[in-house]
Each structure stands twice: as structure tokens, then as C-alpha cells.
Amino acid sequence: TVRRLSLILEDYFDFLRMEDHGKIWGSVVLVIYNDAADLLSASVGFGAKKLRHESGFKFSWDENGKQTVYTPHDFKDWQFLDEFNQNIGDFNIMDEKYVR
């Protein structure tokens with residue numbers, strides 16, 4: 001899964017606007033998990049978006065603005081791209097909120 005993530009990030013660098021959002025991409029934490037039941041029962045702090053049942057991704061921000069993305073181990077490439085493209089705007093909003 002880590003190798004796939006590396007290839008996706010390299011192959012879709014422009015599509016994911018990694019240069020434009022370098023601060024976010026440099027600080028986001030990716031957590032790879034096996035079982036959605038474990039994720040649903042875990043406390044992920046305030047600001048967490050609900051688990052996307054179609055894909056299994058979950059985005060959260062803690063009280064210090066740390067951005068975490070919970071990623072299912074069996075995701076499809078297009079799901080990763082779609083989820084990040086849909087949520088990068090929220091990352092920017094949360095990042096601005098916690099800039100001191």
C-alpha cells in the first residue's frame with residue numbers, strides 16, 4: 001500500500017496540486033487501516049468528517065490543527081485521487097484557522 005501511495009503521489013503530482021498545497025501535503029498524516037469497524041469506534045477528534053462509506057476514507061483535524069487522513073488498505077487509485085481532490089479545500093480552511 002505504501003508503494004502504491006508513493007506511485008500515485010508521483011504520477012498525479014499536478015492533478016493533486018501538490019506544489020500549490022505544499023504546506024498541507026508536507027504535514028498531513030496518512031493512517032492506513034485494515035478494518036473499518038476499528039476506525040468507526042476510534043475517537044479521531046473534533047472536525048472529523050464522517051467515514052465515506054463508498055471509499056472508506058476519513059479526514060480529521062485535532063484541536064491543534066493536525067490533519068489526518070484515514071485510508072483503507074484496499075483503496076482504489078481513483079478513490080484516493082477523488083477523496084483528496086474533494087477535500088483539499090477543507091484542508092486549506094482548517095490550515096488557515098490554525099495558523100498563528
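This is a predicted model: local features need pLDDT of at least 70, side-chain atom pairs count only at pLDDT 80 or more; totals for chains, interfaces and linings use all residues.

Q: In which sense, parallel or antiparallel, do strand 1 and strand 3 pair?
A: In general, strands of a sheet pair through backbone hydrogen bonds, in either a parallel or an antiparallel sense. Here strand 1 and strand 3 (residues 67–72) are parallel, over five bridges. Y33 has P72 in strand 3 as its bridge partner.

Q: In which sense do strand 2 and strand 3 pair?
A: Their pairing is antiparallel, over four bridges, and S60 has T68 in strand 3 as its bridge partner. The two strands form a hairpin with five residues between them, and in the turn G65 has a positive phi of about 85 degrees.

Q: Which residues show that both faces of strand 2 are covered?
A: K58 and S60 on one side, and F59 and W61 on the other, are all buried.

Q: Which residues touch the most other members of the largest nonpolar core?
A: This core has 16 residues, and L16, W25, F80 and F84 touch the most other members. At least two core residues come from each of helix 1 (2–11), helix 2 (22–27), strand 2 (58–61) and helix 4 (77–98). Helix 4 gives the most, with four residues.

Q: Which residues does L16 touch, beyond those up to four places away in sequence?
A: L16 touches L9, H21, W25, F80, L81 and F84.

Q: How many aromatic pairs are there, and what is the geometry of the pair formed by F57 and F75?
A: There are six aromatic pairs. The rings of F57 and F75 are edge-to-face, 6.0 Å centre to centre with 65 degrees between the planes. F57 lies in the loop between helix 3 (36–41) and strand 2, and F75 in the loop between strand 3 and helix 4, so the pair ties together parts that are 18 residues apart in sequence. Both F57 and F75 are buried.

Q: Which residues form the aromatic cluster, and what lies over the face of F75?
A: The cluster consists of F57, F59, F75, F80 and F84. R4 lies over the face of F75, at 4.2 Å from the ring centre.

Terms used. Residues are numbered from 1 along each chain as its sequence is written. Side-chain values use heavy atoms; hydrogens and water are left out. A nonpolar core is a set of buried Ala, Val, Leu, Ile, Met, Phe, Trp, Tyr and Cys residues joined through side-chain atoms within 4.5 Å. Buried means under 20% relative accessible area, exposed over 50%, partly exposed in between (1.4 Å probe, protein chains only). Contact means heavy atoms within 4.5 Å. Two strands pair if DSSP finds at least two bridges between them. Rings of Phe, Tyr and Trp (its six-membered ring) pair if their centres lie within 6.5 Å; planes under 30 degrees apart count as stacked, over 60 as edge-to-face and the rest as tilted. A charge sits over a ring if NZ of Lys or CZ of Arg is within 6 Å of the ring centre and within 35 degrees of the ring normal.
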